[in-house]
Amino acid sequence: MAAKTLTIDGKQISAEEGATVLQAATEAGIKIPTLCHLEGVYDIGACRLCIVEITGIPKLLPACTTKVSEGMDVKTDSERLRKYRRMILELLFAERNHVCAVCVSNGHCELQTLAYSQGMEHVRYDYTFPKWNMDITHRLFGMDHNRCVLCNRCVRVCWHIEGAGTKNVSGRGAKSKIITDLNMPWGDSDSCTECGKCVMSCPTGALFNKGSTVGEMERDRNKLEFIVTAREKKQWIAADL
Amino acid sequence: MKIRLATVWLGGCAGCHMSFLDLDEFLIDLADAVDLVYSPVVDVKDYPENVDLCLIEGAVCNEDNLEILHKIRARTKVLVSFGDCAVTGNVPAMRNPFGIDNVENVLQRAYIENAQNNPSVPKADGIVPQLLENVRPVHEMVSVEYFLPGCPPPAARIKSLVAQLLAGSVPKQEGEQLKFG
Amino acid sequence: MILNDLISIKEKELAGRKKIILRCCMAAGCMSSDSKGVKEQLDKAVANAGLQNEVEVRGVGCMKLCCEGPLVAVDPQDSLYIKVTAENAPLIIGALQGGKTNIPQADPKSAFFAKQFSIVLANSGIIDPERIESYIAMDGYQALHEVLHEMPPKEVVEAMVKSGLRGRGGAGFPTGLKWGTVAKSPGAKKYVVCNADEGDPGAFMDRSVLESDPHSVLEGMAIAAYAVGADQGFIYVRAEYPLAISRLQIAIKQAKQNGLLGAGIFESPFNFNIDLRIGAGAFVCGEETALMSSVEGKRGTPRPRPPFPAESGLFGCPTLLNNVETFANVPAIYRKGAEWFAGIGTEKSKGTKVFALAGKIKNTGLIEVPMGTPLRTIVEEMGGGAPDGGTIKAVQTGGPSGGCIPSQHLDTPVDYESLGKLGSIMGSGGMIVMDQTTNMVEIARFFMEFCMDESCGKCIPCRAGTVQMHHILDKIVNRKATARDLAKLEELCDMVRNTSLCGLGQTAPNPTMSTLRFFRNEYEALLQPDPFGPHANGAAKQPEPATK
């Protein structure tokens with residue numbers, strides 16, 4: 001495969017043809033904030049946090065789905081990008097009921113970490129305080145829609161790593177909801193294999209192991225990476241071990 | 001003249017004030033630099049005029065909260081939303097998703113359904129303030145200069161912000177200092 | 001089917017034509033006012049008068065002046081009866097025999113009709129959309145024959161480039177360039193998809209084309225498929241258009257029976273099939289990547305581009321995706337020549353555009369005008385201006401993705417560039433006229449509510465941003481907002497536009513931004529004072545004591 005050389009934040013780097021800007025940046029030690037991206041499953045470019053500026057392209061493009069090209073000049077950080085990223089996070093916090101203080105993922109939450117690392121000290125938009133319920137019908141796991149950011153990770157791992165196809169999205173817009181099978185209680189699902197990959201993939205406290213309390217949910221992402229590395233590279237080790 | 005400091009306690013658990021008291025020996029330095037003109041730990045009934053800095057704990061939950069908040073904004077130069085309840089609504093705002101009639105439901109649950117003796121919703125006009133339809137963070141009601149998230153904000157975080165403000169600089173807070181929860 | 005067969009169908013159709021033809025509108029607008037009953041009674045009245053051999057009562061597609069329906073036209077007398085009821089039928093037949101009638105008539109020479117220039121709607125209201133012979137009699141499918149037998153695919157693409165046709169779905173991408181890209185994309189399997197998921201509020205151009213002249217779309221798709229090397233087509237049509245769907249089904253069946261779709265069309269090696277896919281009511285499925293996802297049987301959500309459909313579209317294959325009106329232009333371009341088409345319109349916008357005129361205007365209905373026609377001609381001369389002595393305040397084009405053009409810009413020619421300069425877009429052709437009673441902030445709120453409800457929910461800026469923008473607009477309308485809220489609204493408009501994944505989100509702020517540009521005073525008049533805002537009551541950034 002031919003290599004491509006490009007510039008990211010003024011740094012000359014080379015990347016494999018077909019690699020995404022996000023992969024190239026990560027390899028070069030440049031951190032781009034992400035939320036819907038999850039190592040091991042395909043990217044959907046939905047959260048828009050990884051948007052970057054590319055010289056010569058008027059639109060902002062998501063780093064996770066944009067492929068590198070020769071001579072590309074990428075900026076991953078600017079006042080404008082920082083402002084947009086903070087606004088996206090504020091919109092997320094105002095959208096559902098994210099109460100960090102009483103959340104199982106407090107201290108291990110990607111949304112919480114993104115918020116402070118992007119300098120979000122308060123939300124300027126009016127909180128919508130929608131009413132969402134919880135599904136705790138499953139023997140092992142629970143789903144709290146109040147904390148869901150609709151990143152779609154659970155749906156993607158369920159379909160493309162586990163192959164069960166239990167999780168999906170129903171509704172549209174702000175009423176979108178992660179559902180189980182044909183919108184039935186999780187505990188009644190025939191297709192769920194109880195593998196727990198959805199719980200491992202969740203960036204917030206939306207999916208949790210039953211019985212865990214505030215701050216107890218730590219996700220074991222190594223398991224997902226292990227499976228993907230084994231499948232794709234035939235190496236029986238997790239990528240970062 | 002010393003800086004006139006106030007701290008107030010709206011709808012919250014007083015945990016932020018506890019954390020404030022955890023400032024330990026910094027409290028002594030603070031006493032040299034400020035006059036504490038109004039606070040739950042000071043026996044002053046009315047919020048005074050000409051306050052330089054006010055730390056507001058708690059969300060805006062009832063008419064009393066809102067009334068004093070308007071008074072605070074009118075009489076204070078710099079407001080700080082102090083802790084997650086003030087910044088986000090946090091736990092007190094968890095009643096909001098139950099719709100616009102959440103007030104009745106909350107009172108019903110607390111004072112009728114769960115009462116062991118004499119189930120009745122306390123009502124004493126002028127003494128017990130009416131709950132607002134919705135709990136809101138402080139900055140949705142009045143403008144706020146600075147935000148100090150945390151449930152509660154650790155003492156070090158409080159110290160950092162207050163010290164910078166007293167030094168007359170625009171405070172810089174970043175990274176984990178801004179962490180909710 | 002060979003050319004001679006086609007010509008003999010045409011000749012037979014023309015030879016069988018009766019002396020008098022009563023054209024009765026059977027498009028959805030008039031049918032909702034019982035034009036079906038009118039047609040039945042006309043048929044009965046003809047039979048009662050014993051005129052079966054001289055008079056044909058023909059159900060036709062849209063006759064354009066929708067506000068006056070049901071419409072019945074009489075050929076060759078050239079009269080056009082309006083607001084016809086079933087009871088009027090015997091009177092109309094009586095009038096044919098010299099009787100008198102006081103059924104109101106529209107003047108076919110009025111500006112509404114006289115200023116029209118029909119390419120896409122040339123057959124609309126003339127032919128019976130449920131009979132392929134009726135289309136063939138108007139030289140239908142001759143362009144397909146000529147293309148298949150006399151032009152290699154490369155020349156077909158070149159002719160399309162030469163014609164200057166641009167996509168009628170809204171964005172105006174050069175059609176020839178798109179065809180060329182798909183033609184050049186490597187791949188054994190390619191698709192042609194027709195976007196008939198017309199969803200803009202107040203827009204009904206595509207529906208009318210499908211209801212009135214479905215074969216023109218099929219023929220256009222077949223020509224496109226030959227040009228790009230595709231053998232399978234899909235028409236993605238929304239379920240809310242049952243009449244259009246049924247006419248398309250009939251048209252596809254008849255085309256197949258006549259060897260105009262299927263294998264070896266016109267005895268050439270070219271195979272092409274068209275299947276319908278019925279949308280389930282999501283506006284976002286009009287966005288091309290969401291549409292393809294829906295055709296594939298998945299949830300209709302957009303995906304980032306690139307890759308563009310021309311390179312990797314339906315089922316990962318190169319896919320040509322055009323809108324109904326774009327395809328409906330195609331047969332005429334090959335029948336009459338690319339030069340002929342390029343001679344119509346302006347330098348950069350060729351041909352005509354169909355608009356659905358609606359709102360506070362006397363003549364609502366369908367119009368087709370050459371590109372470059374001033375807005376004023378459309379709304380004042382053809383549309384007859386605002387009803388009840390009102391004045392026109394603004395014209396909205398482009399639906400929820402477009403903008404409001406204020407009356408001082410009515411002399412703007414309608415073409416892609418001029419509308420873009422005013423912060424609006426050509427859009428698919430919805431044109432909503434507003435008079436002096438319209439509150440522009442409410443208009444902005446209406447369109448924002450539409451986008452909020454129709455956001456697919458995939459990307460955050462569109463999903464959550466439209467909610468917040470709608471909330472602020474609602475606060476402004478209800479006189480609960482301050483200048484701070486307005487500033488937040490403008491900041492959100494900028495952010496949602498620049499960061500959303502697909503066109504729905506990227507254009508959702510347009511109606512708000514354009515009304516803010518031209519009618520800012522209406523927003524500001526609703527703002528409330530901000531007694532507890534920043535800088536109120538001596539608020540400061542520093543807690544410095546009053547005296548040191």
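**Entry 1**

Which residue of E5(A) is the bridge partner of Glu53(A)? I looked this up in the model, which is a predicted one, and found that the partner is Lys75(A). The two strands concerned are E3(A) and strand E5 (residues 73–75) of chain A, which pair in the antiparallel sense over two bridges.

I then turned to the other pairing of strand E3 (residues 51–54) of chain A. Two bridges join E3(A) to strand E4 (residues 61–62) of chain A, and these strands run antiparallel. Here I noted that Val52(A) has Leu61(A) as its bridge partner in E4(A). The hairpin of E3(A) and E4(A) has six residues between the strands, and within this hairpin Gly56(A) takes a positive phi near 90°.

I reminded myself of the general principle: strands of a sheet pair through backbone hydrogen bonds, either parallel or antiparallel.

**Entry 2: chain A as a whole**

I recorded six helices and 10 strands for chain A. Its radius of gyration is 19 Å, close to the 18 Å that the globule rule gives for 241 residues, so I noted chain A as being as compact as a globular protein of that length. The C-alpha trace spans about 55 × 50 × 30 Å along the principal axes of chain A.

I also looked up burial and contacts. Of the 241 residues of chain A, 47% count as buried. Among the contacts in chain A between residues at least 6 apart in sequence, 59% join residues at least 24 apart.

The domain assignment of chain A lists domain 1 (3–77) and domain 2 (83–233). I found their C-alpha centres to be 25 Å apart. To the contact between them, domain 1 of chain A gives 14 residues and domain 2 of chain A gives 19 residues.

**Entry 3: where chain C meets chain A**

How many residues of chain C are in contact with chain A? I found 24 residues of chain C in contact with 26 residues of chain A. Three elements of chain C give two or more residues to this side: helix H18 (440–454), helix H19 (460–477) and helix H20 (483–499). The largest share, eight residues, comes from H19(C). By class, the side of chain C that touches chain A has 11 nonpolar, seven polar and six charged residues.

**Entry 4: chain C as a whole**

For chain C I recorded 23 helices and 14 strands. A compact globule of 548 residues would have a radius of gyration near 24 Å, and the 26 Å of chain C agrees with this. The C-alpha trace of chain C spans about 105 × 65 × 40 Å along its principal axes. Buried residues make up 55% of the 548 residues in chain C. Of the contacts in chain C with a separation of 6 or more, 74% are between residues 24 or more positions apart.

I next noted the division of chain C into domain 1 (18–107), domain 2 (132–342), domain 3 (353–435) and domain 4 (440–524). The C-alpha centres of domain 2 and domain 4 of chain C are separated by 34 Å. Even so, 11 residues of domain 2 of chain C are in contact with eight residues of domain 4 of chain C. The side of domain 2 that touches domain 4 of chain C has seven nonpolar, three polar and one charged residues.

**Entry 5: a parallel sheet in chain C**

In what order do the four strands of the open sheet of chain C lie? I read the order as E8-E7-E6-E9, with parallel pairing. Strand E8 (273–279) and strand E9 (319–323) of chain C are the edge strands, each of which pairs on one side only. Neighbouring strands of this sheet are turned by 20° against each other on average, direction ignored.

I followed one pairing in detail. Strand E7 (residues 232–238) of chain C is joined to E8(C) by seven bridges, and the two run parallel. One of the partner pairs is Val237(C) with Ile278(C) in E8(C). Helix H12 (residues 242–257) of chain C lies across E7 and E8, running at about 165° to E8(C).

**Entry 6: a buried helix**

Is helix H14 (residues 324–336) of chain C largely enclosed or largely open? I found that 11 of its 13 residues are buried, so H14(C) is largely enclosed by the rest of the structure. The buried residues of H14(C) include Glu325(C), Phe327(C), Asn329(C) and Tyr334(C). After H14(C) comes Gly337(C), with a positive phi near 105°.

Technical notes:
Residues numbered from 1 in each chain as written. Chains lettered and ligands numbered in written order. Predicted model: local features only at pLDDT ≥ 70, side-chain atom pairs only at ≥ 80, totals over all residues. Pairing = 2+ DSSP bridges. Axes fitted to C-alpha atoms, helices over the stretch in contact; angles between N-to-C directions. Contact = placed C-beta atoms within 7 Å. Domains from an automatic or database assignment. Nonpolar A, V, L, I, M, F, W, Y, C, P; charged D, E, K, R; others polar. Rg over C-alpha atoms; globule rule 2.2 N^0.38 Å. Buried ≥ 20, exposed ≤ 12 C-beta atoms within 10 Å, placed from the backbone.
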